[in-house]
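Have the viewer open as you read.

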Amino acid sequence: MESVRGRRIVLGVSGGIAAYKSVEVCRRLVDAGAHVSTILTEDAHRFIGPVTLSALSSEPVHTSLWDDTSPIPHTRLGQNADLIVVAPATARVLAAYAMGLSHDLLIATLIATRAQVVVCPAMHTEMWEHPSVQDNVALLRSRGVIVVEPQSGRLAGGDVGTGRLADVDSILNAIDNALSGRTRDLEGLSVVVSAGGTREPIDAVRVLANRSSGKQGYAIAEQALARGAQVTLVTTVDRVTLPGITRVDVETAQQMFDAMTAQAEHADIVVMSAAVADFRPFVAAAGKIKKEGGVPEIVLEPTPDILAALGASKRKGQTLVGFAAETSNLVDNAKGKLARKNLDLIVANDVSAEGVGFSHDTNAVTILAADGSCRQVGLSSKHAIATEVLDSVVKVRSAP
Ligand code: CTP
């Protein structure tokens, strides 16, 4: 989030149940060194108090075209902003912004700015899918507005579906991308990412598994989507998947091998962040192994090394990224894998360190490139790590 330090960001909050999440967006932006001005619409007051945002942002909250000390607050806020983010953006705000209907301070500010705008819609599924909302979103997109798609999950009133405000990390990521000019640097490229840990059947009910949560792979897929790529995610874990990502569900190393080798044939960038079992039971019992048979002897056999196969069949112009989960000799082991598997980049992490790797929301990595360059990224969110990995990919691809 270096990109937000010292930048002026206007955070617009409109009237939806997700308004409470804007508090976290505000706090994280201020913590990262941004000057944050907040605008609360009249409806937003029903969900969140102005005192909360005034206390957390860099100046008292703005609520009206008329109550401000400045006679023209919308032009001041709009002209001074480096970026405006609206989170949550209701169907009404999207419609008013698309139409240029400047009936309140937030819309007037959006229309009075030349800064990059990020909108984060949140509403019930039926509303989000309504053609009027979809048309307004498409129109805003065509004008260069960045739309952070809502996610699927629990909505107000207990309903479940698409329309939930994107999580705070995704919103901050979109802001970071917009401010650092990375916005659409993967436009026109196809990216395939693997995520999660494979599960190898022992019998009809038991599996050999590992602790991978898939969070890092999902973060890379989301980040690549935000940067304009066509994204396919081959995954063993069922997490909320952003609309726009093509998801292929797999379970075993063999299924992941089949999916990844097929997908990689057409991909420009392949990122193998899944934790693949190195061994699987030689035979999986058809039924459930019963206790009365005594302690079973489970004979293992190696699984195919997917990344090595992808490296062997790598096309000219294709960028291949592997991961290395290590508990010792991090850099040497990772360098060995980079060379053996014919990779362009390897992202190494010491999974024995505090807060790093499997199932955490954070990670710390060393990114090694085939040209010998090395970049260390300290403990950061998995979204921030995803940004660094894709920045390294862009760098490798632009090298002569
Ligand atoms: N990998 C793979 N297929 C496998 C095993 C690993 O594609 N059967 C990939 C992982 O997705 C990762 C990279 O290879 O991108 C390195 O995985 P890692 O488990 O760190 O190393 P291994 O090659 O399995 O070697 P070891 O377990 O001995 O460290």
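This is a predicted model: local features need pLDDT of at least 70, side-chain atom pairs count only at pLDDT 80 or more; totals for chains, interfaces and linings use all residues.

## H1 against H8

At roughly what angle do the axes of helix H1 and helix H8 cross? The axes of H1 (residues 21-31) and H8 (residues 168-179) cross at roughly 45 degrees and come within 10 Å. That makes H1 oblique to H8, oblique being whatever is left once under 35 degrees is roughly parallel, over 145 roughly antiparallel and 65 to 115 roughly perpendicular. Axes here are lines fitted to C-alpha atoms over the stretch in contact, with angles running from 0 to 180 degrees between N-to-C directions. Helices are DSSP runs of H or I with at least four residues, numbered from the N terminus.

The crossing is right-handed (near helix turned clockwise from the far one by less than a right angle). On the H1 side, Lys-21, Glu-24, Val-25, Arg-28 and Leu-29 meet Val-168, Asp-169, Ile-171, Leu-172 and Ile-175 of H8, with contact meaning heavy atoms within 4.5 Å.

## H9 against H13

H9 (residues 215-226) and H13 (residues 382-398) have axes that come within 8 Å and cross at roughly 60 degrees. So H9 is oblique to H13, and this crossing is right-handed.

## A charge over a ring

Arg-239 sits over the face of Tyr-218, 5.8 Å from the ring centre; the rule asks for NZ of Lys or CZ of Arg within 6 Å of the centre and within 35 degrees of the ring normal.

Residues are numbered from 1 along each chain as its sequence is written, and side-chain values use heavy atoms, leaving out hydrogens and water.

Terms used
Helices (H or I, at least four residues) and strands (E, at least two) are DSSP runs, numbered from the N terminus.
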